Amino acid sequence: MGSVVCTNKKSPPSTLLSDVPNPFLVDENRMEVKDNNDKYFDEGELKEFENQQFQVQKMVNKCIKWQSLNHYLGSGSFGSVELGKDIENGQFIAVKQLSIKGYNPKQIQTKIDQFEQEILVLSKLDHPNIVKYLGMEQTQNHINLFLEHVSGGSIKSLLERYGKFPENLVQVYTKQILQGIEYLHKHGIIHRDIKGANILVDSTGICKLADFGSSKRLSFAKEECKTFTGTPNWMAPEVINGKGHGRFADIWSLGCTIIEMLTGKPPWCDETKNQYQIIMEVMKGSPPNIPSHLSSSIKEFLSHCFQQEPHKRWNVIKLLNHPFIPNTSNTTFSVDISNMFKPLQKQIN
Ligand SMILES: Nc1ncnc2c1ncn2[C@@H]1O[C@H](COP(=O)(O)OP(=O)(O)O)[C@@H](O)[C@H]1O
Ligand SMILES: [Mg+2]
């Protein structure tokens with residue numbers, strides 16, 4: 001049993017604290033959870049992954065000559081992301097920067113180790129629904145990770161700009177997010193931080209999974225117990241309970257992201273609960289509120305994501321075959337979303 005470190009101004013009653021076995025709230029919105037590394041995949045799946053011959057190779061340390069365009073793209077828990085230009089080919093790139101200014105060599109090494117996890121995973125991935133890794137560099141003050149620039153920004157920023165998405169757009173995006181997750185799970189990778197802020201959309205409406213800072217590869221799964229931070233609103237019950245973090249946790253978080261897209265707000269946001277009450281609800285296996293006006297098809301789909309027992313949740317393959325998922329190709333949209341991106345295009349040109 002662990003305890004909760006609380007920096008929240010609204011302190012919860014002490015009885016609530018003692019009920020929470022594992023998580024540590026690191027600030028008002030994020031928590032640190034112990035990763036107990038129990039069952040990630042069953043034996044049949046492990047065999048299948050071995051056959052994929054997907055090996056983690058040496059870290060790709062490709063450096064890019066680039067110039068800053070002084071345009072802020074976003075930030076998260078790790079660092080900020082800015083727009084840059086590859087001087088050699090003129091392409092826009094996204095530069096995720098980790099500041100190391102003022103840290104001693106030991107602290108810098110720790111930061112590099114953290115960043116390495118993201119680079120190790122990302123540099124091996126090649127899928128249209130996953131953001132492309134281009135290289136990295138270390139300067140005096142920063143470690144920079146170069147990524148393909150995804151011009152529409154994150155789903156979270158689109159929701160902030162344009163409000164909640166219509167159900168048919170959510171259908172299309174969900175299919176693409178699932179295809180990205182399918183690729184990851186097939187290769188023994190669990191993303192572990194699926195949410196609107198970590199899914200980017202390009203100018204043609206293609207969704208790309210990003211932010212692999214919390215992700216885990218199967219080959220690392222037997223390492224000693226580690227902690228990682230995430231946002232409790234999107235976390236599965238078993239993650240908050242500290243019972244392990246298998247691939248089905250990504251499915252719960254996908255369900256939360258669908259709620260986020262349909263309501264325009266983070267899951268649990270429409271309820272008058274503080275972070276502690278949300279944590280307690282999720283620990284009991286309660287899903288976030290599902291708006292009553294939604295179609296029966298989407299409600300049915302969500303019911304397969306929000307099973308308390310991880311193995312009762314549907315896997316990606318089954319979800320991709322659910323009637324809620326459109327049977328069209330990736331690039332065919334049943335709604336015209338091109339107008340959504342015009343203002344963004346103007347900003348960066
Ligand atoms: N490749 C990219 N193209 C465009 N915007 C990006 C890109 N990568 C990140 N961003 C923006 O920066 C934000 C933070 O990036 P992220 O990788 O999630 O950082 P963190 O690990 O700090 O959470 C994203 O929510 C998004 O708005
Ligand atoms: Mg992020």
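This is a predicted model: local features need pLDDT of at least 70, side-chain atom pairs count only at pLDDT 80 or more; totals for chains, interfaces and linings use all residues.
Which strand gives the most residues to the shell around ligand 1? Strand 3 does, with three residues. (Strands here are DSSP runs of E with at least two residues, helices are runs of H or I with at least four, and both are numbered from the N terminus.)

## About the model

Residues are numbered from 1 along each chain as its sequence is written, while chains are lettered from A and ligands numbered from 1 in the order in which they are written.

The protein contains eleven helices and twelve strands. Of its 349 residues, 40% are buried. A residue counts as buried if 20 or more other C-beta atoms lie within 10 Å of its own, as exposed if 12 or fewer do, and as partly exposed in between, with C-beta atoms placed from the backbone. Among contacts between residues at least 6 apart in sequence, 68% join residues at least 24 apart. Two residues are in contact when their C-beta atoms, placed from the backbone, lie within 7 Å.

## Around ligand 1

Ligand 1 is surrounded by 24 residues, and the closest are Gly 74, Gly 76, Phe 78, Ala 94 and Asp 211. To be near the ligand, a residue needs its C-beta atom, placed from the backbone, within 6 Å of it. Strand 3 (66-75), strand 5 (92-99) and strand 7 (142-148) are the elements that give two or more residues to this shell. By type, the shell divides into ten nonpolar, eleven polar and three charged residues. Here Ala, Val, Leu, Ile, Met, Phe, Trp, Tyr, Cys and Pro count as nonpolar, Asp, Glu, Lys and Arg as charged, and the others, Gly among them, as polar.

Lys 96 is buried, with 26 other C-beta atoms within 10 Å. Leaving aside neighbours within four places in sequence, Lys 96 is in contact with Gly 79, Val 81, Leu 145 and Leu 147.

With 25 C-beta neighbours inside 10 Å, Asp 211 is buried. Its phi is positive, about 60 degrees, although Asp 211 is not a glycine. Most residues other than glycine have a negative phi. Asn 70 in strand 3 also has a positive phi, near 50 degrees. Is Asn 70 buried or exposed? Asn 70 is exposed, with 8 other C-beta atoms within 10 Å.

In helix 9 (residues 296-305), the buried residues are Ile 298, Phe 301, Leu 302 and Cys 305. Seen down the helix axis, they fall within an arc of 95 degrees, so they line one face of helix 9. The arc is that of the directions from the helix axis to the C-beta atoms. An α-helix has 3.6 residues a turn, so residues three or four places apart point the same way. The buried residues of helix 9 pack against helix 5 (167-186) and helix 7 (248-263), whereas Ser 296 and Glu 300 are exposed on the other side.

Helix 4 (residues 155-162) has Ile 155, Lys 156, Leu 158 and Leu 159 as its buried residues. These fall within an arc of 165 degrees seen down the axis, so they line one face of helix 4. Just after helix 4, Gly 163 takes a positive phi of about 85 degrees.

Val 239 is in helix 6 (residues 237-240) and is buried, with 29 other C-beta atoms within 10 Å. Its C-alpha atom is separated by 8.7 Å from that of Met 283, 44 residues apart along the chain.

Asp 270 is in the loop between helix 7 and helix 8 (275-283). With 13 other C-beta atoms within 10 Å, Asp 270 is partly exposed. Not counting residues up to four places away in sequence, Asp 270 touches Thr 263, Lys 265 and Asn 289.
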